[in-house]
Amino acid sequence: MRLALEDRPREKALRHGFETLSMAELVAIIIGSGSPGEDVVELCQRILNDHENKLYKIARRGVKDLMKYKGIGEVKALQTLAAIEIARRYQQEKFTKDFQVRSSQDAYNYLYPRMCDLEHEEMWVLVLNRAKRVVDRFRVSIGGTSATVGDIKIILKQAIESLADSIILSHNHPSDTASPSPQDDLLTQKLQAGCKAIEIPLVDHIIVCRGGKYYSYCDQGKL
């Protein structure tokens, strides 16, 4: 099936702008063509439907999984995933290293583009100066789908070496459950005590989830 010229995504974008295109039409521009019996927009809509219309779920599929769709070869799969990665990095550009963290929402907004698509847990630390601007960040650990481990000594050592005035601890929950675990609570308590000893305050511990959900130890009065 061939789309009418005026309905083809590229022509539509040229005439009316990208903002008029649906998500399926935008992805169709990247993929370029469909397969016999299914035009490219229908193919892209089917892929989106299979992933609840969420790009991050498509990103998690990987090249080989996307190639299971008829009409998607290695090149098209790579192009699709590359475009999603470009979008992710575009989001990160809003939050430069001197981004000012005035609240837990600011911290979440900074961390979200970096952690939202991860299938495993990672733990990161944001290093802040006196003006609460991010001057550095470092990854503490990479874990599995349900846990990661934070080494207090490594966190404190790197905080000192980065000349931190304060720090924010963060990790993600791929399950999108924002509630902290007993292990999260224990780590936070130990790190808070260590930070107090070296006079570098731990101002928050943020648990990052998708859909705008997060948990802030500071907001909950636990720091």
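This is a predicted model: local features need pLDDT of at least 70, side-chain atom pairs count only at pLDDT 80 or more; totals for chains, interfaces and linings use all residues.

Q: Is K68 buried or exposed?
A: K68 counts as exposed, at 64% relative accessibility. Exposed means over 50% relative accessible area, buried under 20% and partly exposed in between, using a 1.4 Å probe and protein chains only.

Q: Where is K68 found?
A: K68 is in the loop between α5 (63–66) and α6 (74–92). Helices (H or I, at least four residues) and strands (E, at least two) are DSSP runs, numbered from the N terminus.

Q: Now E38. Buried or exposed?
A: E38 is buried, with a relative accessible area of 15%. E38 sits in the loop between α2 and α3.

Q: What is E38 in contact with?
A: Leaving aside neighbours within four places in sequence, E38 is in contact with L43 and R46. Contact means heavy atoms within 4.5 Å. The C-alpha atoms of E38 and K70 are separated by 9.4 Å, and these two are 32 residues apart along the chain.

Q: At what angle do α2 and α3 pack?
A: Helix α2 (residues 23–31) and helix α3 (residues 40–50) pack at about 115 degrees, with their axes 8 Å apart. Axes are lines fitted to C-alpha atoms, for helices over the stretch in contact, and angles run from 0 to 180 degrees between N-to-C directions. Residues making this contact include V27 and I31 of α2 and V41 and L48 of α3.

Q: What about α8 and α9?
A: Helix α8 (residues 152–161) and helix α9 (residues 182–197) have axes 10 Å apart, at an angle of about 40 degrees. That makes α8 oblique to α9; under 35 degrees counts as roughly parallel, over 145 as roughly antiparallel, 65 to 115 as roughly perpendicular and the rest as oblique.

Q: Which residues meet there?
A: I152, I155 and L156 in α8 meet L187, K190, L191, G194 and C195 in α9.

Q: Switching to rings: how many aromatic pairs are there?
A: The structure holds four. One of them is Y108 with Y214, which is stacked at 4.9 Å centre to centre and 25 degrees between the planes. Rings of Phe, Tyr and Trp (its six-membered ring) pair if their centres lie within 6.5 Å; planes under 30 degrees apart count as stacked, over 60 as edge-to-face and the rest as tilted.

Q: Which parts does the Y108 and Y214 pair tie together?
A: Y108 lies in helix α7 (residues 104–115) and Y214 in strand β5 (residues 214–216), so the pair ties together parts 106 residues apart in sequence. Y108 is buried at 4% relative accessible area, whereas Y214 is partly exposed at 21%.

Note on methods. Residues are numbered from 1 along each chain as its sequence is written. Side-chain values use heavy atoms; hydrogens and water are left out.
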